[in-house]
Protein chains: 2
Amino acid sequence: MAKQENILIIGAGLCGSLLALRLGQRGFKVHMIEMRPDLRTVDISAGRSINLAFSNRGLKAIKMVGLEAKVYSLCIPMHGRMVHDIKGNTFLSNYSGRENEAINSISRELLTALLLDEAEALDNVTIEFQKRCTDVDFENKIASFEDNISGNKFTVSTDLIFGTDGAGSALRKSYFEERKFLFSFSQSYLTHGYKELTIKPDKNGDFKTYKNALHIWPRGDFMIIALPNLNGSFTVTLFLSYESGTYNFNNLTTHEIVTEFFEKEFPDALELMPNLAIEFFENPTAPLGTVKCFPWNYKGHSLLLGDSAHAIVPFYGQGMNASFEDIVEFDTFLDKHEGDWESTFKDFQSHRKIDTDCIADLAIDNFHEMKDHVANPIFQEKRKIEMVLESEFPDVYHSKYSLVTFKETIGYCEAMTIGRAQDKAILRMLAANKISLKEDLNELLKKVQDETSNILKEDTTAKTFKY
Amino acid sequence: MAKQENILIIGAGLCGSLLALRLGQRGFKVHMIEMRPDLRTVDISAGRSINLAFSNRGLKAIKMVGLEAKVYSLCIPMHGRMVHDIKGNTFLSNYSGRENEAINSISRELLTALLLDEAEALDNVTIEFQKRCTDVDFENKIASFEDNISGNKFTVSTDLIFGTDGAGSALRKSYFEERKFLFSFSQSYLTHGYKELTIKPDKNGDFKTYKNALHIWPRGDFMIIALPNLNGSFTVTLFLSYESGTYNFNNLTTHEIVTEFFEKEFPDALELMPNLAIEFFENPTAPLGTVKCFPWNYKGHSLLLGDSAHAIVPFYGQGMNASFEDIVEFDTFLDKHEGDWESTFKDFQSHRKIDTDCIADLAIDNFHEMKDHVANPIFQEKRKIEMVLESEFPDVYHSKYSLVTFKETIGYCEAMTIGRAQDKAILRMLAANKISLKEDLNELLKKVQDETSNILKEDTTAKTFKY
């Protein structure tokens, strides 16, 4: 059923491409314009987020557009965290006690290309590249662009504008600068930045270390991680402070110091990366920021989606998943208010904002968990208990990680509330020697459930007063 | 002792004027430039923050510059909240159980004029008005201005730039837009706005209602408050949602509806404001925003202070007090790092930022407390217990309100942590019928102290993991 509205989508990354595909499938006339070159024709990755974690919430969206089989073929399952200590010893900490639950390493480039191909195959979707949005007049629904190659400037007049143009969104910038309405906005940076490196395949093209895990070298205030790629390589990311600590991005200025740092802190990783010191200076160092804002819409004219509305740090592996889940949620509100765009936008955003705020906060929590806590004995004991509970009671017990990552039927906020209470309950009882894996598991489960329930009920009066 | 540095202060409001005075007293060459006309010569109040709450933290600063006697003469003490119910019944809820503790209503205009006079009286301080800062090149320490009257543009080259130019700071805007460093920034608006109104003096020039209190008409989702002025009037502020609820700023569009609203919700206040409906449409409706950012400095070149660094909502009566306390704290770091401006700025801001974040959050908590909780029986019971404890054990017990407002020797953050734990403790025990004013007061104090201490120790393991 063809729809009358002309829709302009600014930004053809993962979120924009999925949105274009979905709106195209629904019959809208979609025009999508992207600032960068078409990544299907040019290599533009250049050391930034080469692969991503793809999991259940993202899968919901991929199923919605009917692409699960094609996407599965791009996935490398990762069953847990392979933790590397300073001597090169490793242990695998599973993500779930249920057998079928894993997250997946997927190429940003291949997944985006797939979505672009599918969207472009629709008659009612057109895509242009290399045209940068310079300004959005959201009152009159006119967006201005500049062609990167010719330098020509042009405008697009449309019925609806979607900003899926990422953390540096032009639509969001127009909201901020025009001051037509009260626009709450925050950008907050961690003191750490990141840099991507590579473990190349061995000479047979095979993986140099265990393929089906997310590798972590936790060192308290910094870490490296590694995710596998289909070609046998791993993309490695160093997360490090810009200016504090013995080694930091500001003082890692020579090949010698970089090599010394890796020799001391990540000797087994250094062995896998003989060209480390060269690549270190070829690739950019990028900041880690969180963006929150509200409202996302202006009347029934425009809407921010994905990173443009809620950019998060990468530590929960939920950035793309959250953006994809936006489109799934948005799709349900399209049905609910068919044709009434202002109601669709308002209802969607007030529902969705709660969850995207929660995943932003969870992602920062997980930064500390990954670089530090995974190496802590009481934390490890908690994880062991949770793995046993998930394995023994697969339909009953879900850890915070599982609630966030694998239980896509509940929102991030519910996952956070229950998950944090469970973490508190287990840590509180472990610290008081009230639980152990030696006891009857039914008893153990009941204790954890009761204490979690107590914590959730604690201070209900005080909570009424928001203390 | 004359100092060599030339200092430019952008913004001659309360914070800038105090800073100019203090730096002038210390011997620096101070040049302060303000966008607005000189409020000593022109009436510019026009319905915005006519009076303010002045309390112990602000007083520290006033004592530092030696002006306490002059400032006392501008103060009207307010000993507590006079709560007005819908039938016009009132009760006084004291701010403290200690006799000598009160907050003060003070005129923004008179206090600013005093500080300007004192600063201007120093040979090494010059002040200009009606010149708007349009841009700050903080790398090269050059600020650009435009004269409001002549339209002339000029620049000022200096050694150090202080931005005390309020919530819409030009210096902060330059930090944000130039992207020379990672600048974390947030602006967040409440869904409510405010409008100022007036209760005029009676025909004898006397106060129409009780002078020495902050009057509150709490109505759950909205409220009015009133603070006394030296001329016998009260400045009344309506805090109301822009768009939700039966009555809101968007639908209060006629004299009839405004009068109906006040007749129904604030009948005793309406009696005191016969011209209410006219004034309602003369005065602006203003938003309620919180601004946080970091860093406040750029190298040893520039620093944000006061609202430009941390604008807060007015509900704790701490906006001016926090800005004044900035100057007191900053003054101690001037001594610590004499002459090393980058260390002074960095050390100051990393110390101070923690406390200004806390008062920002406390101020939002108090919005809910004032418009809603003060009318709640269990909250009132808590306040009664706290008043008795403060009165019986004046050196031992301090409520959260007292810690924030009257205990200027501790920071906002410590006040918040202890104060919230105490609130939780008392509410938890009241809800469980474990405490009452009928018991021995020494026993009661001990129970509150023990439960507070338990709450502060709760989940220390979980806190290690930041859950």
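Axes are lines fitted to C-alpha atoms, for helices over the stretch in contact, and the angles between them run from 0 to 180 degrees between N-to-C directions. The model described here is predicted.

In chain B, helix H11 (residues 341-371) and helix H14 (residues 412-431) have axes that come within 7 Å and cross at roughly 45°. This angle makes H11(B) oblique to H14(B). On the side of H11(B), the contact is formed by B:Arg352, B:Ile354, B:Asp355, B:Cys358, B:Ile359, B:Asp361, B:Leu362 and B:Asp365. H14(B) contributes B:Tyr412, B:Cys413, B:Met416 and B:Arg420.

Two helix pairs of chain A were examined in the same terms. Helix H1 (residues 14-25) of chain A and helix H10 (residues 319-336) of chain A have axes that come within 9 Å and cross at roughly 25°. Because angles under 35 degrees count as roughly parallel, H1(A) is roughly parallel to H10(A). The crossing of H1(A) past H10(A) is right-handed. From H1(A), the residues that make the contact are A:Leu14, A:Cys15, A:Leu18, A:Leu19, A:Arg22 and A:Leu23. Their counterparts in H10(A) are A:Met320, A:Ser323, A:Phe324, A:Ile327, A:Asp331 and A:Leu334. The contact of H1(A) with H10(A) comprises nine nonpolar residues, one polar and two charged.

The other pair in chain A consists of helix H12 (residues 377-392) and helix H15 (residues 441-457), whose axes come within 11 Å and cross at roughly 110°. At this angle H12(A) is roughly perpendicular to H15(A). H12(A) passes H15(A) with a left-handed crossing. A:Ile385, A:Val388, A:Leu389 and A:Glu392 of H12(A) meet A:Leu441, A:Leu444, A:Leu445 and A:Val448 of H15(A). Seven of the residues in the contact of H12(A) with H15(A) are nonpolar, none is polar and one is charged.

Charged pairs were considered next. Side chains of opposite charge can pair when their charged atoms come close. Over all chains, the count comes to 68 salt bridges. One salt bridge joins the side chains of A:Arg26 and A:Asp335, at 2.7 Å from N to O. A:Arg26 lies in the loop between H1 and strand S2 (29-33) of chain A, and A:Asp335 lies in helix H10 of chain A, so the pair ties together parts that are 309 residues apart in sequence.

The interface between the chains was then described. The size of an interface is often given as the accessible area lost when the parts come together. Chain B and chain A bury about 3200 Å² between them, with 60% of this area on carbon and sulfur atoms. The contact takes 36 residues from chain B and 36 residues from chain A.

In chain A, a cis peptide bond joins A:Phe294 and A:Pro295, with omega at about -5°. A:Pro295 is placed in the loop between strand S17 (286-294) and strand S18 (297-298) of chain A. In chain B, B:Phe294 and B:Pro295 are joined by a cis peptide bond, and omega is about -5°. B:Pro295 sits in the loop between strand S17 (285-294) and strand S18 (297-298) of chain B. A:Gln130 is not a glycine, yet has a positive phi of about 65°. The loop that holds A:Gln130 runs between strand S8 (125-128) and strand S9 (131-137) of chain A.

Terms used:
Residues numbered from 1 in each chain as written. Chains lettered and ligands numbered in written order. Predicted model: local features only at pLDDT ≥ 70, side-chain atom pairs only at ≥ 80, totals over all residues. Heavy atoms only, no water. Helix = DSSP H or I, 4+ residues; strand = E, 2+ residues; numbered from the N terminus. Parallel < 35°, antiparallel > 145°, perpendicular 65-115°, else oblique. Left-handed = near helix turned anticlockwise from the far one by under 90°. Contact = heavy atoms within 4.5 Å. Nonpolar A, V, L, I, M, F, W, Y, C, P; charged D, E, K, R; others polar. Buried area = accessible area lost by both parts, 1.4 Å probe. Salt bridge = Lys/Arg side-chain N within 4 Å of Asp/Glu carboxyl O.
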